[in-house]
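Hi everyone, thanks for coming. Please have a look at the sequence and the model on the screen, and I'll walk you through the parts I picked out.

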Amino acid sequence: DPTILLAAIAGETTHIGLLTTASTTFYPPFLIARQLLSLDRISKGRAGWNVVTALDGHDNFGLDKMPSTDERYARASEAVEAVKRLWRSFPSEALALDRERGLFADPQRVHPIDFEGDFYKVAGPLNLPAREDARIPIVQAGASDRGRDFAASIADAVFAATPDREAAIDLRSDLMRRAQAS
C-alpha cells in the first residue's frame, strides 16, 4: 500500500512531499480521508493525494466488472467531496486536550457530515482532528476529455506527459479554461 510505505518514508525524511495514490473506485471516502490525514500528521504536512479512478483490478475488490468511465468519474467526484467534508468535520480548533476535565475535544465543534450521494453514504465525523491551518493538496492526471473535466474541477495540480512544450502549454490552457467553467 503506497500510503503505508510513505508513512515509513516520512519518518526518514524531512523535506520531500509524499504523494500517495488512492483509488476512488476501490477505497471508500472514510478510509481515504483517514489514511491521508494520518499521513499528513506523520509527515508534518507533506502529504498529498493522487486521485485515481483505476483502469482495472475489479476482480481484486469484489466487483464483477469495472464500472464505466462515466461511473468511475461520478464516483470519484462524490468521493472527493465526501473526503473534503470529512477533513473539515473535526477541525483542529475542536481539540480541548483538557486533562483536568477529561475532555479530549469539544463535541460542539466536531460534526457529522451526513453525506449522501448516488454512490456513497458517509455519516462522519472523521475520528482524527485536522492539522491546524493544513490543507492536503489534491493531484490528478486528467488526460482524456472526461479526465480533464474532472481534474479541472478538483485538482490543485495536474500531472501529464506531453510530447513537447507546445502541447504542455495547450494542456495547461485547456485545464485553466475548464477550471474557470466549473
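Let me begin with a term: a nonpolar core is a set of buried Ala, Val, Leu, Ile, Met, Phe, Trp, Tyr and Cys residues joined through side-chain atoms within 4.5 Å. Buried means under 20% relative accessible area and exposed over 50%, with partly exposed in between, using a 1.4 Å probe and protein chains only. Please keep in mind that this is a predicted model: local features need pLDDT of at least 70, side-chain atom pairs count only at pLDDT 80 or more, and totals for chains, interfaces and linings use all residues. Residues are numbered from 1 along each chain as its sequence is written, and side-chain values use heavy atoms, with hydrogens and water left out.

So, which residues have the most contacts inside the largest nonpolar core? They are W49 and W87, in a core of 29 residues. At least two residues of this core come from each of α2, β2, α3 and α4; helices (H or I, at least four residues) and strands (E, at least two) are DSSP runs, numbered from the N terminus. Helix α3 gives the largest share, 8 residues. Another core lies apart from it, with 5 residues, including L6, L18, L39 and A47.

Now for the rings. Rings of Phe, Tyr and Trp (its six-membered ring) pair if their centres lie within 6.5 Å; planes under 30 degrees apart count as stacked, over 60 as edge-to-face and the rest as tilted. By this rule there are 4 aromatic pairs. One of them is W49 with W87, edge-to-face, at 6.3 Å centre to centre and with 80° between the planes. This pair links distant parts of the chain, since W49 is in strand β2 (residues 47-52) and W87 in helix α3 (residues 69-89), 38 residues apart. Both W49 and W87 are buried. Then we have Y73 and F150: their ring centres are 5.4 Å apart and their planes at 55°, so this pair is tilted. Y73 belongs to helix α3 and F150 to helix α4 (residues 145-154), so the pair ties together parts 77 residues apart in sequence. Y73 and F150 are buried too.

Let's move to the start of the chain. D1 caps the N-terminal end of α1, with a side-chain oxygen 2.8 Å from the backbone nitrogen of T3. In helix α1 (residues 2-10), the buried residues are T3, L6 and A10. They cover an arc of only 60° around the axis, so they sit on the same side of α1; the arc is that of the directions from the helix axis to the C-beta atoms. On the face turned away from that buried side we find the exposed residues I4 and L5. The cover over the buried residues of α1 includes β1 (18-23) and α2 (29-42).

That brings us to the sheet. Two strands pair if DSSP finds at least two bridges between them. The open sheet has 4 strands in the order β1-β2-β7-β8, with parallel pairing. Its edge strands are β1 and β8 (157-158), each pairing on one side only. Between β1 and β2 there are 6 bridges in the parallel sense, and L19 has G48 as its bridge partner in β2.

Last stop: S23, which is found in strand β1. S23 is buried, with a relative accessible area of 8%. Thanks, and I'm happy to take questions.

Definitions and conventions: Contact means heavy atoms within 4.5 Å. A polar contact is a pair of N or O atoms within 3.5 Å; within protein, one must be able to donate a hydrogen and the other to accept it, and residues adjacent in sequence count only if both atoms are side-chain atoms.
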